[in-house]
8 protein chains.
Amino acid sequence: MDMEYLRELLNNVKNGSVSVDDALKDLKKLPFEDIGFAKIDHHRNIRNGFPEVIYSEGKTIEQIKEIVKKLIEKNNNIMATRADKKVYEGIKEIVGDAVYYEAARIVVVKRREILKSKKTIAVVSAGTSDIPVAEEAAVTCEVMGNVVERVYDVGVAGIHRLFAKSDVIMKANVLVVVAGMEGALASVVSGLVDRPVIAVPTSVGYGASFRGLSALLTMLNSCATGIGVVNIDNGFGAGYLAALINR
Amino acid sequence: MDMEYLRELLNNVKNGSVSVDDALKDLKKLPFEDIGFAKIDHHRNIRNGFPEVIYSEGKTIEQIKEIVKKLIEKNNNIMATRADKKVYEGIKEIVGDAVYYEAARIVVVKRREILKSKKTIAVVSAGTSDIPVAEEAAVTCEVMGNVVERVYDVGVAGIHRLFAKSDVIMKANVLVVVAGMEGALASVVSGLVDRPVIAVPTSVGYGASFRGLSALLTMLNSCATGIGVVNIDNGFGAGYLAALINR
Amino acid sequence: MDMEYLRELLNNVKNGSVSVDDALKDLKKLPFEDIGFAKIDHHRNIRNGFPEVIYSEGKTIEQIKEIVKKLIEKNNNIMATRADKKVYEGIKEIVGDAVYYEAARIVVVKRREILKSKKTIAVVSAGTSDIPVAEEAAVTCEVMGNVVERVYDVGVAGIHRLFAKSDVIMKANVLVVVAGMEGALASVVSGLVDRPVIAVPTSVGYGASFRGLSALLTMLNSCATGIGVVNIDNGFGAGYLAALINR
Amino acid sequence: MDMEYLRELLNNVKNGSVSVDDALKDLKKLPFEDIGFAKIDHHRNIRNGFPEVIYSEGKTIEQIKEIVKKLIEKNNNIMATRADKKVYEGIKEIVGDAVYYEAARIVVVKRREILKSKKTIAVVSAGTSDIPVAEEAAVTCEVMGNVVERVYDVGVAGIHRLFAKSDVIMKANVLVVVAGMEGALASVVSGLVDRPVIAVPTSVGYGASFRGLSALLTMLNSCATGIGVVNIDNGFGAGYLAALINR
Amino acid sequence: MDMEYLRELLNNVKNGSVSVDDALKDLKKLPFEDIGFAKIDHHRNIRNGFPEVIYSEGKTIEQIKEIVKKLIEKNNNIMATRADKKVYEGIKEIVGDAVYYEAARIVVVKRREILKSKKTIAVVSAGTSDIPVAEEAAVTCEVMGNVVERVYDVGVAGIHRLFAKSDVIMKANVLVVVAGMEGALASVVSGLVDRPVIAVPTSVGYGASFRGLSALLTMLNSCATGIGVVNIDNGFGAGYLAALINR
Amino acid sequence: MDMEYLRELLNNVKNGSVSVDDALKDLKKLPFEDIGFAKIDHHRNIRNGFPEVIYSEGKTIEQIKEIVKKLIEKNNNIMATRADKKVYEGIKEIVGDAVYYEAARIVVVKRREILKSKKTIAVVSAGTSDIPVAEEAAVTCEVMGNVVERVYDVGVAGIHRLFAKSDVIMKANVLVVVAGMEGALASVVSGLVDRPVIAVPTSVGYGASFRGLSALLTMLNSCATGIGVVNIDNGFGAGYLAALINR
Amino acid sequence: MDMEYLRELLNNVKNGSVSVDDALKDLKKLPFEDIGFAKIDHHRNIRNGFPEVIYSEGKTIEQIKEIVKKLIEKNNNIMATRADKKVYEGIKEIVGDAVYYEAARIVVVKRREILKSKKTIAVVSAGTSDIPVAEEAAVTCEVMGNVVERVYDVGVAGIHRLFAKSDVIMKANVLVVVAGMEGALASVVSGLVDRPVIAVPTSVGYGASFRGLSALLTMLNSCATGIGVVNIDNGFGAGYLAALINR
Amino acid sequence: MDMEYLRELLNNVKNGSVSVDDALKDLKKLPFEDIGFAKIDHHRNIRNGFPEVIYSEGKTIEQIKEIVKKLIEKNNNIMATRADKKVYEGIKEIVGDAVYYEAARIVVVKRREILKSKKTIAVVSAGTSDIPVAEEAAVTCEVMGNVVERVYDVGVAGIHRLFAKSDVIMKANVLVVVAGMEGALASVVSGLVDRPVIAVPTSVGYGASFRGLSALLTMLNSCATGIGVVNIDNGFGAGYLAALINR
């Protein structure tokens, strides 16, 4: 039931071809259906040029191909996250021009132009093992129409490496900071800038890192202000939030 | 906006006093307002004779009195949980015939008759320290129209005490089992009956009971079937769920 | 030893063919054997038409086949949960007409008619990855004689999808809500209905979901009333409890 | 050492009154002192009209008064968080026109005009016990120059209350969602909008809420996209981040 | 209902004064009542001369006095644990010759002679702060008829102090080892002897001792064999178990 | 250095063949070497006929064979725990008459007669999945000279099965209770007897059992007295402790 | 029993006034008494001029006074940690010249000169609330003969403040870093120096700091090398370890 | 930008070839670049003869070979930790004289002489399963120029084995103690010496060892003074810290 249907219903009430009682019965179901509000949900991605997103983990290649087939009919942009090479090859069978960002484990199918943001997002990461998560964030930002500056391997144990990139860091409009182990980078970066920082703890580490818990707690307890935290290894979520902020 | 308003709107569309476009604009707001569905929410307690519930903890006496004043206008039954004596005295200033169930820490104001259930609910508890939570469950059941059989102090360390009450336990339609420390009672009771058991872990215990975590985990991992678990010390929630089942 | 045996024993005491001392010796063993009470346990499933349940995980195919062989002699209904294809094939060698519910990972052998309940159980699930657990609950309910309505993929992030199914949800007598990640669906569903909700947290998620802990805590702390929680991924337990309530 | 000093030093090198070696020695200390970069830190609040913030908890009234005395000399705006009435009275002795936001536990001293943002921030909270944290966020936003719309007491157990405020929610540029217990509100709100949501878990609840852990995990594991999480009860941090985003 | 009753019943059946049907009705209740087996439970303490135990924490003085009054009628030994001075004074009003072991927080009322064990129990503790728990264990052992050797303040950080007491340690039949903080003493003691060691973690410590969790885990993971662990601070439980072993 | 050596040394001092200074130098090393006390450690197993124990997990077959070779020279009994079939075959190459207890995952090499205890140990277990741990305990007891009564598959969800074995349970001198999931069996058994109970939590279960944590906490918090707990899945430790008690 | 006694014993054996058997009996007790090795323990503090340490928390003023009385007899230096004003006043009654370091909560009694170390220890702390723990570390170092440089309030959120003190930091021989909340300071400091860093997590923070757990995990997972961690709030332990390293 | 560049800049300002404004612009970037301070970081390893360290886990052989290629150009010592045989073979293709310490899982390439320390480091470990971590620490110490004494398999359950090595332990300048399971060894060793002890918990154990958590907590809560703790299994970190202390 959409606006057109609703208008037709009201016209029918007006011209007497539908009784008030029948119209009432029909309208009673409205809140749980899809007028306007729900539509916004369905259509907002398309309006923004945002991609439809498929979380590949735990889905079979066949399931993913089926979903891609349906989405491609709407001529929409598509992004499959946590995608290994087999996922890419499966999607490519359906859509020949799918592009694979291997480091980010993301497959992208582009059908519509994306509105470009004028301000940059900086994606900053601590160690080389954090790069897959950082790339997931960076590519997500790019697919959503942002210019991304990557500042990698600048962990706090050698803080001069971070400072050598201060120009990039200080001119960014939004920052995504990705760090495992002790996750201290988010606090240091946030102390240098006065822009929003999205912090992504990673599961990089061993022993008392408890698969990312250590970095997660560090980021939540930061003494710096202006930090929002996402789930462990959730590069996509951080990139998406950064893109929302940067519009 | 209610059904009457909606009927009027449609009539106005029909007779031309409201244009289709204006009606559309009005209807667009519907899903977020309260036709029908939301109404059900507002009115379901009244229809069932269920009480309005006030969780007293963390509220001042003045706040509680203010809420009671508003609720009493609707001539509804009221139940204040986690209520100490001061809460009772505060409510009594507003409603002279408020009744205080001290062991259950519940104040009840009765204004409407409650539909009585024909089947009984058994409230079973392990130790004497579990009684406040058990009473919270039992009185909640009673206020919601149920006959309650109390079987207290029948912990598994002296299992013959439980068996001495087997008649009561086996004829109940629903059972609420309240236990702290190791919380094993729920498994044993559930193994004896083939009716739903609502298990309430309590924070009774010390050391490795971790304020109820031990009993909670025990109940969630029960090898017996037919057990639903509620939050630690949540006697009210268990009583409410048992009452829903027993209708 | 059952009532008939007991009556015979007493008659024998009465007519002198058994001495009081011998009868005493026999009776002394009673509490730990099976008069009445224990019998109920042994026989209750049969009386209810409830199936005997085999938890397949951690058992070899040979062990499962052995158990099925014994149970089939009693001409009882049988249900094997957490059963992969090999378990099904093993059981089929014993019982040719065993049926495999693949999505639910359940094998069913039907020998007796099950008493049908007149009221429906709704099984509601959040994401597609929650479906195996939801199906385990749904098939369990069906095998125990219930009509089940499935409402899948209605997670709270797109709440209009849930509302589109409000008719189904609101007419159910009992609801099973299955959700991983943040598990918020149980609270929202419970807020819409005034019937018992059995909440099943799933281990779907990553990072700070801590293999289902996040969803479990969410469900235990629900601000909605009328929710009983079962163990993580325990679709069978939820279905069994729902079936007990729905009788 | 600031830019003026640096310019003078260079001029002195140029005119020969300081030798190159002495200038080198002086410059060597630069990176760890405060040219430019550090200044930005010191001055950024002033430039933005942002207040200097005092976290009152764990400080004596005397300590707080001392800090206020120093800050007031710079003629800056000041904000004291987690401030009880005694803190307010202490500050008032120093600054007569200090304003106390009791519900938010914030004292504000205003000395400079704050740049106003044109877009609104919505602060949404679940229960009445969450209001102190919500107010901390709301007042922080206001003190930093934002228009705030408050949407309180709209927990997911009665989701129609949230929908009744959909207009406010959908027109906000940034949203702060405050919820304790199961914390599900953040997911539901984020599913309704396509703007950044800052989620604040609160320590409201008991038992298995583990003083806010339950709500924290819920928010981190949200199935909705576009959510950044701050520490438990950190209304100030959420408000500050929202204000940064809303500039 | 006891053996005598049962014999009488059978005799009545035999002589016709009770019908078989009435006898059956009577016998049906047997398993859940108290023939033999349950009796043992009721009477075993008396037979052993073991005291009846009252856990004082969370009980009012009035409740404790009431319980003591009832127990004293049976002329049994009584032991109240976790008893502060007020508990002692309350009990003394009822039983003039109650004895207070202040360091152990135990009140003892002695009415029957206790069977003495010939072998000694050693109670070994690490630090001075562990003494209340150690004394609870020691006095429990003594009240149950054992000779106790106390070896206090012999923590592993100064292991020569422990070795100076090797004679006492090596001639004990059972050992209770009480330690907080890192709880390493149990492993060291168990490595020195070939007798059962009951380990009691205490909540002594701060920070990462997590109120006894650290010592608890240490004791459970001991590389030494022959250690059984009880709950944190459970001196009574350890003493009771040691006394059972030492009989 | 042993007593004989010491006597010789003193004799040499006496007859002047060793100077006082040289003897002093020699004696100074005593406390850290092995007079008497340490010897007891080395020899106590042999004197008791207790086996030398090899924990196989994490050792290569070659390492285990090497250890067996050395131990066999002393003509001692040997027991290898957590031993799979390959470990058994490896040991058999060294010692032809090694015996494999497959269910217990234990290999035994017998060289000396073991002193038999007159009293029995009961090993009680809840579910079939707990049997490997139960068997580890039972075989350990047997290898150490005890008569073991096995009472398996008597979980609390069908408590009549436990009671049917009450004769066995009540005549045991020590009891080992093995249970996973909610681990309630230990409390129930301990409530039935007045003998020491060694409780072994197992990692059997899923979800909120957290690999044995649930059963562990249950056993530590038991409301029954006389229970000592060992590490999760530590059947050997429980058997060893039971054997020490049963001597 | 000391070396002199031992020499005398041997002389007596030599000259026949003690028999070999009697000497043997005497020597047998040696390992568990105190020759040499144990003496080192008793005397090492005195030799080093290190103070005897009293942990005041959980001790009564009377107990502390008693301990001081005994220690003062040996004319040794004394240090009481976690000492509030009342502890100080109590000690002062015994020793008139006791000195109270209020910020450090330490009372010092000086009787012997302490060997001074030539190299400095830097104590670095993040926030003002961390100062009590930092002072505990600093005063401990000083009492043990070290020159301490304090670098306070240099948290990573304003990293230029830390760099402004780089001279002090880089010339220290050992560094103690004290930080609560996210505890990131230890990593940053350790990255700047190539000397040992002792990291002290503090319980400063709220919510997900879990009373110091967050800072503790951060420090254990540091990506910087050369960090040793002590217990939460253990300023004394850190100072003691730093002093050992700095000798 | 280095000192030479800076001198040139100043000379150019002096001789007028660069304007003061241009110089100012250049100098403004200084703090984030690398004068002096940062250089120290780059060069400190070379000056000390310390190796460059590669953490092999999570890196491909190709990545490791690439890193080695770059490092070898600087003619520096290299150490690859957590290296299996394939890593060694890969490095050997690049550097023919690479040496593999298999037990320590470390590959070493030596190019410069390392300054030798005169004092020894003792590496003490509890069980045979702890040896890989102990060897990682020991080899790290050796590569950094230290003499290491290994004292293995001296767990506290047989404490005489530890005492038999007291000479080695007591003459060490620094001690690294490696222990899993209950980790009690660190406390015992630290109680015997008055030198710094670096404690390394290992993940050796099962059940309630929670992969090293038990040993970690034990070490953090040690009642002995002078212990610094590193992450679980972090042999390299412990060795590095010990080497820093021992210089």
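This is a predicted model: local features need pLDDT of at least 70, side-chain atom pairs count only at pLDDT 80 or more; totals for chains, interfaces and linings use all residues.

Student: Is H:T120 buried or exposed?

Tutor: Buried means under 20% relative accessible area, exposed over 50%, and partly exposed in between (1.4 Å probe, protein chains only). With a relative accessible area of 14%, H:T120 is buried. Contact means heavy atoms within 4.5 Å, and, not counting residues up to four places away in sequence, H:T120 touches H:V147, H:E149, H:K171, H:A172, H:N173, H:V174 and H:N246.

Student: Which residues is C:S187 in contact with, leaving aside its neighbours within four places in sequence?

Tutor: C:S187 lies in helix α9 (residues 185-192) of chain C and counts as buried at 1% relative accessibility. Its contacts are C:S222, C:C223, C:A224 and C:I227, together with D:V156, D:A157 and D:E182 of chain D.

Student: Why can helix α9 of chain E be called largely enclosed?

Tutor: Eight of the eight residues of helix α9 (residues 185-192) of chain E are buried, so this helix is largely enclosed by the rest of the structure. The buried residues include E:L185, E:V188, E:V189 and E:L192 as well as E:S187, E:S190 and E:G191.

Student: How many helices and strands are there in chain A, and what share of its residues counts as buried?

Tutor: Chain A has eleven helices and nine strands, and 62% of its 247 residues count as buried. Of the contacts in chain A with a separation of 6 or more, 67% are accounted for by residues 24 or more positions apart.

Student: Into which domains is chain A divided, and how should I read the boundary between them?

Tutor: Domain bounds come from an automatic or database domain assignment, and here chain A is divided into domain 1 (25-109) and domain 2 (120-246). The size of an interface is often given as the accessible area lost when the parts come together. Buried area is accordingly the accessible area (1.4 Å probe) that two parts lose on being put together, summed over both. Between domain 1 and domain 2 of chain A it is about 1,100 Å², of which carbon and sulfur atoms give 70%. On the side of domain 1 of chain A, A:F50, A:M79 and A:R82 lose the most area to domain 2 of chain A, together 36% of what that side buries. In terms of contacts, 13 residues of domain 1 of chain A meet 13 residues of domain 2 of chain A.

Student: How many salt bridges does the rule find across that interface of domain 1 and domain 2 of chain A?

Tutor: A salt bridge is a side-chain nitrogen of Lys or Arg within 4 Å of a carboxyl oxygen of Asp or Glu, and across the interface of domain 1 and domain 2 of chain A the rule finds two. The side chains of A:E136 and A:R105 meet in a salt bridge, at 3.7 Å from N to O.

Student: What does the contact between chain F and chain E look like in the same terms?

Tutor: This contact takes 32 residues from chain F and 32 residues from chain E, and the area buried between the two chains is about 2,700 Å², of which carbon and sulfur atoms give 60%. The rule finds one salt bridge across the interface of chain F and chain E; F:R247 forms a salt bridge with E:D194, the closest N and O atoms being 4.0 Å apart.

Student: Where is A:R211 found, and what is its phi?

Tutor: A:R211 is found in the loop between β8 (197-201) and α10 (213-220) of chain A, and has a positive phi of about 50° although it is not a glycine. With a relative accessible area of 49%, A:R211 is partly exposed.

How values were computed
Residues are numbered from 1 along each chain as its sequence is written. Chains are lettered from A and ligands numbered from 1 in the order in which they are written. Side-chain values use heavy atoms; hydrogens and water are left out. Helices (H or I, at least four residues) and strands (E, at least two) are DSSP runs, numbered from the N terminus.
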